[in-house]
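Work through the exercises below with the model open. Try each task before reading its solution.

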Amino acid sequence: MLNITFLGTGTSQGVPIIGSDHPVCLSIDKKDKRLRVSVLIQWKDINMVIDCGPDFRQQMLLNNVKKLDVLFFTHEHADHTAGLDDIRPFYFRQGDILVYGTKRVIKNLFKRFNYIFSNKDKYPGAPSVKVNYIKPNEIINLFEKKIIPISFMHNSIPVTGYRINDFAYLTDIKTIKEKELEKLKNLDILVISSLRIKEHPNHMNLEESISLIKKINPNKAYLTHISHLMGFHEEVSKRLPKNIFLAYDNLKIKSN
């Protein structure tokens, strides 16, 4: 059994957006307040996090996360990686943190967080990581689980999603090839990004996400990476098919 916590369900600017007077940004409903997108997956005593954006520290504190066994990256954009320095408390207690990403993503992080990834002239207060490269179609065996990478596109940016057991997590998706969809058969729960109502060049909108969910046909699906332009959480939720839900920050679910 997997225990899943949505650490953040918002788009790159979060919701509310700084300085915005949009009605959703002014909402007092907690479900309309979204930190940058990230998810915590737990089984036995293992804590796995996918992506650590600018809100990572806050998310760890809100959910009382006391150890981090492994950190997976979907892609290099700042809203998915900018919180990397905040792995330090875990490093001080545990030592080097396991990190997984494609070569392109790790290369990008090496440039931006050289003091973490390089062993040259290591600053004593900097964290260290153990890098593991994700290869297409290569299953990752980790902590008694098989983790299957799922490749898709965020416009022209390659992104990696992950399947563990009958749970899959796909964020920042715009297009996906049929051969990758084959990896998503017989899902219990699918988490997939859905930015807003209107079409967007880099992200699926609500209509596109629902269409892909119906094609994959999981038992349940949760939408994440949501902007204020999706609308109010409660109003949008009432219009969704019965097995599709808007995720919200700190929502906890279970999957096979």
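**Exercise 1: Charges over rings**

Start with the pair in which the charged end of Lys-31 sits over the ring of Tyr-248, 4.6 Å from its centre. The model is a predicted one. Task: find the ring over which the charged end of Lys-103 sits.

**Exercise 2: Strand S9 and its partners**

Task: describe how strand S9 pairs with S8 and with S10, and say how covered S9 is.

Solution. 
1. Locate the strand. S9 spans residues 157-164, and six of its eight residues are buried.
2. Take the S8 side. S8 covers residues 145-154 and pairs with S9 in the antiparallel sense, over eight bridges. Met-153 stands opposite Pro-158 of S9.
3. Check the S8-S9 turn. Two residues separate the strands of this hairpin, and Asn-155 takes a positive phi near 60 degrees.
4. Take the S10 side. S10 covers residues 167-170, and its pairing with S9 is antiparallel over three bridges. Here Arg-163 stands opposite Ala-168.
5. Check the S9-S10 turn. Again there are two residues between the strands, and Asn-165 has a positive phi of about 55 degrees.

**Exercise 3: Aromatic pairs**

Task: how many aromatic pairs are there, and is the pair of Phe-6 and Tyr-222 stacked, tilted or edge-to-face?

Solution. 
1. Count with ring centres within 6.5 Å. The count comes to eight aromatic pairs.
2. Classify Phe-6 and Tyr-222. Their ring centres are 5.9 Å apart and their planes meet at 45 degrees, so the pair is tilted.
3. Phe-6 lies in S1 (residues 2-8) and Tyr-222 in S12 (residues 220-224), so the pair ties together parts 216 residues apart in sequence.
4. Check burial. Phe-6 is buried at 0% relative accessible area. Tyr-222 is buried too, at 9%.
5. Now classify Phe-113 and Tyr-115. With centres 6.5 Å apart and planes at 55 degrees, this pair is tilted. Phe-113 is buried at 8%, whereas Tyr-115 is partly exposed at 35%.
6. Look for a cluster. Ring pairs link Phe-6, Tyr-222 and Phe-245.

**Exercise 4: Nonpolar cores**

Task: which residues have the most contacts inside the largest nonpolar core, and which elements give two or more residues to this core?

Solution. 
1. The largest core has 27 residues; Ile-41, Met-48, Ile-50, Phe-72, Ile-147, Phe-167 and Tyr-222 have the most contacts inside it.
2. The elements giving two or more residues are S1, S2 (38-43), S3 (46-50), S4 (70-72), S7 (140-142), S9, S10 and S11 (189-193).
3. Follow Ile-147. Beyond its neighbours within four places in sequence, its contacts include Met-48, Phe-72, Leu-142, Tyr-162 and Ile-164.
4. Apart from this core lies another, of 26 residues, among them Leu-190, Ile-210, Leu-212 and Ile-226.

**Exercise 5: A loop threonine**

Task: is Thr-171 buried or exposed, and which side chain does its own side chain meet in a polar contact?

Solution. 
1. Thr-171 sits in the loop between S10 and helix H6 (178-181).
2. Its relative accessible area is 0%, so Thr-171 is buried.
3. Its side chain makes a polar contact with that of Asp-172, at 2.9 Å.

Key
Residues are numbered from 1 along each chain as its sequence is written. This is a predicted model: local features need pLDDT of at least 70, side-chain atom pairs count only at pLDDT 80 or more; totals for chains, interfaces and linings use all residues. Side-chain values use heavy atoms; hydrogens and water are left out. Buried means under 20% relative accessible area, exposed over 50%, partly exposed in between (1.4 Å probe, protein chains only). Helices (H or I, at least four residues) and strands (E, at least two) are DSSP runs, numbered from the N terminus. Two strands pair if DSSP finds at least two bridges between them. Rings of Phe, Tyr and Trp (its six-membered ring) pair if their centres lie within 6.5 Å; planes under 30 degrees apart count as stacked, over 60 as edge-to-face and the rest as tilted. A charge sits over a ring if NZ of Lys or CZ of Arg is within 6 Å of the ring centre and within 35 degrees of the ring normal. A nonpolar core is a set of buried Ala, Val, Leu, Ile, Met, Phe, Trp, Tyr and Cys residues joined through side-chain atoms within 4.5 Å. Contact means heavy atoms within 4.5 Å. A polar contact is a pair of N or O atoms within 3.5 Å; within protein, one must be able to donate a hydrogen and the other to accept it, and residues adjacent in sequence count only if both atoms are side-chain atoms.
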